[in-house]
Amino acid sequence: MSLLAPARSRRSVQSSDLSRHAKDVFAAAEEEPLEVTRRDGKPLVLTTKERSDDDEAVLEIAAQLIAAVTVNEQLPLHDRLAIPYPWLKLLSREDQQRFAKEIVDVARGSFSLRQPRRLLLEMQAWRNSAEAIAAGWDRTEPDMLDDQIRVEKP
């Protein structure tokens, strides 16, 4: 049993398929990246802009995590992560420490499974929490309903 991630395999199409059956090839590329093979050049990868943007965002997070883990090791990790992510200081000290542990754990897990979207979602959830605190939502008591409201089954 191997502990390494399986080799990545992509669905492959020929460049002639792209010109003959563009609609089908584009639809398939919306589902997953496609390798487009060419006789006269290197293979290309066809994907959505959203997936490409996500890949760039994941690489940026990975670069920041590597820098934080390897630089100025005298500081706790959560303080090092607050340099590229200053919004982190809006969270409580306990949440800053939780963020540091969870974001590294999620990064390692999602990279090992080649599912980086999980890292983007985790980072966005923590950032959303910081934004809510910045907006003062942590200082107001929620309005409680006096009476229960029955709703139909969705």
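Student: Where do Lys 101 and Asp 105 lie, and how many residues apart?

Tutor: Both are in helix 5, four residues apart, about one turn of the helix. Helices here are DSSP runs (H or I, at least four residues), numbered from the N terminus. This is a predicted model, in which local features need pLDDT of at least 70 and side-chain atom pairs count only at pLDDT 80 or more, while totals for chains, interfaces and linings use all residues. Residues are numbered from 1 along each chain as its sequence is written, and side-chain values use heavy atoms, with hydrogens and water left out.

Student: In what do the side chains of Lys 101 and Asp 105 meet?

Tutor: Side chains of opposite charge can pair when their charged atoms come close. The criterion for a salt bridge is a side-chain nitrogen of Lys or Arg within 4 Å of a carboxyl oxygen of Asp or Glu. Lys 101 and Asp 105 form one, at 2.6 Å, N to O. By this rule the count comes to nine salt bridges.

Student: Is Lys 101 buried or exposed?

Tutor: Buried means under 20% relative accessible area, exposed over 50%, and partly exposed in between (1.4 Å probe, protein chains only). Lys 101 has 54% and is exposed, whereas Asp 105, at 39%, counts as partly exposed.

Student: Which parts does the pair of Asp 54 and Arg 117 tie together?

Tutor: Their side chains meet in a salt bridge of 3.0 Å, N to O. Asp 54 lies in helix 3 and Arg 117 in helix 6, so the pair joins parts that are 63 residues apart in sequence. Arg 117 is partly exposed at 42% relative accessibility.

Student: What are the accessibility values for the salt bridge between Glu 122 and Arg 118?

Tutor: That salt bridge spans 2.7 Å, N to O, and both residues lie in helix 6, four residues apart. Glu 122 counts as buried at 12%, while Arg 118 is partly exposed at 44%.

Student: Which residues of the largest nonpolar core touch the most other members?

Tutor: A nonpolar core is a set of buried Ala, Val, Leu, Ile, Met, Phe, Trp, Tyr and Cys residues joined through side-chain atoms within 4.5 Å. The largest one has 20 residues, and those touching the most other members include Ile 61, Trp 87 and Met 123. Helix 3 (49-70), helix 5 (93-112) and helix 6 (117-134) each supply at least two residues of this core.

Student: What does Met 123 touch?

Tutor: Contact means heavy atoms within 4.5 Å. Not counting residues up to four places away in sequence, Met 123 touches Ile 61, Tyr 85, Trp 87, Phe 99 and Ile 103.
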